[in-house]
Amino acid sequence: MNTSTDEKTPTRKPRILWANFYCLMDSSSGASMAVREMLIQLAKRGYEIAILGATVFDADKGKSKLAKHGVFNKDNQGKFTTISDGDLKHTLLITRSIVRGQLGTDETFKWISRYTTALHEFKPDLVYLYGGMISDWDIADEARARGIPVAFYLANGNYHGTRWNRDIDLILTDSRATADMYLERSGIPVTPIGAFIDPEPVIATQHERKHVLFINPSWAKGVSIVIMFALLLEKSRPDIIFEVVESRGNWQLIFDAVLKELGQDRKSLDNIVITSHTTDMRPVYGRARLLLAPSLWWESSGRILAEAMLNGIPALITDRGGMPEMIDDAGYQLHLHDLMHEKPYTRLPRKEKLDEAADWITSMFDNEQLYQEEVKKAYAVGKRLHSLEASTARFEAALQPLLEQKAGDADLVENLKSTHRHGLADVPESHQQTSDPA
């Protein structure tokens with residue numbers, strides 16, 4: 001009798017370990033939000049995802065999602081906790097400080113020990129991370145020593161040299177501009193995969209289209225330019241209201257500094273309203289007629305630009321980094337002197353440099369036909385360039401050659417011994433093999 005069968009053993013989905021000291025639930029970090037969405041999309045497709053992080057945030061305001069779980073109690077410091085987040089689970093070390101540079105040696109050692117245990121117990125096919133500090137290098141080094149490929153997410157222009165990427169197999173970014181910049185500057189190949197925006201929590205259900213929106217008042221993001229726009233239009237167009245959403249930056253401190261530089265002693269402007277940091281941007285985008293994003297530093301893409309396009313909101317940007325490709329033809333590009341783009345980004349532009357852009361802003365309120373044409377362009381850009389499905393497909397395609405290696409099926413202990421100068425393996429106690437009792 002023929003006992004053969006056509007049934008095949010189901011191919012297991014890849015195992016991916018996100019290992020990084022930063023918290024992916026940080027609502028003040030565009031990079032964290034992007035990576036979290038990437039992992040959500042893979043989890044929905046059946047991938048096994050493990051997340052090991054710590055309570056490190058870009059800003060105190062980014063803790064809001066995690067604070068409701070009560071993890072910041074002092075009694076929890078130094079302990080690991082696991083937080084459920086839809087299809088994801090975050091295992092986090094509760095640290096004394098939310099500032100990356102203030103992690104203690106004891107905390108770093110405890111986290112690395114947990115990480116090496118995760119490598120042997122979860123057996124990932126890929127380790128994924130970002131971060132440019134020395135302890136971040138250890139994450140990639142430990143994976144490579146066990147024969148596990150490493151992918152790295154890069155969403156700024158701050159990395160220099162070659163040590164940080166020595167043990168990285170694949171570097172991903174959100175824009176072609178950033179990929180080209182790193183290739184030209186350092187000879188590093190980087191793969192652009194686009195923005196990762198879940199449309200549901202960012203697309204407004206109703207659009208009033210009444211405010212000029214600016215998010216994250218910081219020098220690097222061009223807050224000084226926004227203040228000058230407001231000053232230019234305060235008297236001539238008091239009907240045009242600028243809404244400033246505080247995220248990482250402190251509006252009042254920078255406002256006071258700019259007004260002092262201009263020789264004015266004022267604490268506020270009548271055409272500016274301040275909105276506190278929020279995790280629900282739908283009402284904010286619902287009020288926005290235009291978005292201002294006059295960043296002065298290298299903006300790899302600008303997450304808010306993709307969100308604006310998905311909402312059909314035209315944007316005013318500077319011509320740096322990946323911002324032009326994020327909005328394509330749906331808005332206005334501001335060209336500033338190169339000195340404006342140098343740290344600490346506190347130079348003020350000449351008024352005449354902003355006059356034409358200010359005229360464009362007013363035209364978006366006065367010429368409804370012209371405005372609606374820009375709205376249509378924005379919607380088209382959002383659909384064409386910022387589709388979550390398209391970005392996820394690019395992401396999966398980029399990872400595929402590494403995942404096909406199925407590194408998690410290998411003997412990680414033997415791999416570790418083979419890379420050790422003395423043929424030894426520092427294996428976590430929970431994974432040590434013991435002989436059967438006599």
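Mentor: Helix α4 makes the greatest contribution to the lining of the largest cavity, giving three residues, where a helix is a DSSP run of H or I with at least four residues, numbered from the N terminus. This is a predicted model, in which local features need pLDDT of at least 70 and side-chain atom pairs count only at pLDDT 80 or more, whereas totals for chains, interfaces and linings use all residues. Residues are numbered from 1 along each chain as its sequence is written, and side-chain values use heavy atoms, with hydrogens and water left out.

When the whole structure is searched, one cavity of 30 Å³ or more is found, a cavity being a set of points on a 1 Å grid over the protein atoms alone where a 1.4 Å probe fits but cannot get out. The volume of the largest cavity comes to about 40 Å³, taken as the space filled by probe spheres set on the points. Its lining, meaning residues with an atom within 4 Å of a point, consists of L129, G131, D136, W137, A140, F152, R163, W164, R166, D167 and I168. By class, this lining holds six nonpolar residues, one polar residue and four charged residues; here Ala, Val, Leu, Ile, Met, Phe, Trp, Tyr, Cys and Pro count as nonpolar, Asp, Glu, Lys and Arg as charged, and the others, Gly among them, as polar.

A pocket, in contrast to a cavity, is an open set with protein on both sides within 12 Å along at least five of seven lines. The volume of the second largest pocket is about 300 Å³, and among the 15 residues that line this pocket, T116, E142, R146, L416 and D426 lie closest to its centre. In the second largest pocket the largest share of the lining comes from α3, with five residues, whereas in the largest cavity α4 gives the most. The classes of the pocket lining are five nonpolar, five polar and five charged residues, which can be set beside the six nonpolar, one polar and four charged residues around the largest cavity.

Technical notes: Helices (H or I, at least four residues) and strands (E, at least two) are DSSP runs, numbered from the N terminus.
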